[in-house]
Amino acid sequence: MAIRQIRVEGDPVLGKKCREVTEMTPKIATLIEDMLETMYDANGVGLAAPQVGILKRIVVMDCGDGPIVMINPEILETSGEQTGDEGCLSVPGKAGQVTRPNYVKARFLDEEMELCEIEGEELLARCILHETDHLDGHLYVEKVVGGLHEVTYDNPEEN
């Protein structure tokens, strides 16, 4: 496994639509492992393949209940509304208020290329929607109301 470079806002790859994954290959399996390692190393809750420069429809996330890998995710249903601060590993040090659905239902392939469905609310819904936006070349900054603000993260080693 390896930590990959996270592409940041302004990188043209982040504005491109990703291609579907048609089969699990050793290269795709390694990409998924690397994406998880990269996400955890950066203290993120989600990461999409274009954020590491790969135009494939793959996202990984962990909202606290263990890793989720979604290949070719498709949003089936949304409802409700939530507004809150949202950030992104590709827009380091910034956050902004974004309104998204509070509930989402999505279909995707897992690492065995088996069809799965997931339902999520609150943070999980926000994460699924945020990461799937990346696959179509969209960053959360397009949805921010009121502008971005600086974010500082507490460093436990400094406390």
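Q: Which residue in β8 stands opposite Lys94?
A: In this predicted model, local features need pLDDT of at least 70 and side-chain atom pairs 80 or more, while totals for chains, interfaces and linings use all residues. Numbering starts from 1 along each chain as its sequence is written, and side-chain values use heavy atoms, without hydrogens and water. Look across from Lys94 into β8 and you land on Glu150.

Q: How many bridges join β5 to β8?
A: Strand β5 covers residues 94-100 and runs antiparallel to β8 (strands are DSSP E runs of at least two residues, helices H or I runs of at least four). Pairing takes at least two DSSP bridges, and the count joining β5 to β8 is three.

Q: How many of the six residues of strand β8 are buried?
A: Strand β8 spans residues 145-150 and lies largely in the open. That's because, with buried meaning under 20% relative accessible area (1.4 Å probe, protein chains only), the number of its residues that qualify is zero.

Q: Which residue in the hairpin of β4 and β5 takes a positive phi?
A: Strand β4 (residues 82-87) runs antiparallel to β5, with six bridges joining the two. Along this pairing, Thr83 stands opposite Thr99 in β5. The hairpin has six residues between its strands, and the positive phi, near 75°, belongs to Gly93.

Q: Which are the edge strands of the open sheet of five strands?
A: Follow the order β1-β2-β3-β6-β7, where the pairing is antiparallel. From one strand to the next, the twist averages 40°. An edge strand here pairs on one side only, and that picks out β1 (46-48) and β7 (115-121).

Q: What is the bridge partner of Ser79 in β6?
A: Strand β3 takes in residues 68-79, and β6 takes in residues 103-109. The two run antiparallel and are joined by six bridges. Ser79 has its β6 partner in Tyr103.

Q: At what angle does helix α1 run to β2?
A: Helix α1 is made of residues 26-41 and lies across β1, β2 (58-61) and β3. Angles go from 0 to 180 degrees between N-to-C directions of lines fitted to C-alpha atoms, for helices over the stretch in contact. For α1 and β2, the angle is about 35°.

Q: What angle does the direction of helix α2 make with that of β7?
A: Helix α2 (residues 122-135) packs on the sheet. It touches β1, β2, β3, β6 and β7, contact being heavy atoms within 4.5 Å. Against the direction of β7, α2 makes about 125°.

Methods:
Buried < 20%, exposed > 50% of the residue type's maximum accessible area, 1.4 Å probe, protein only.
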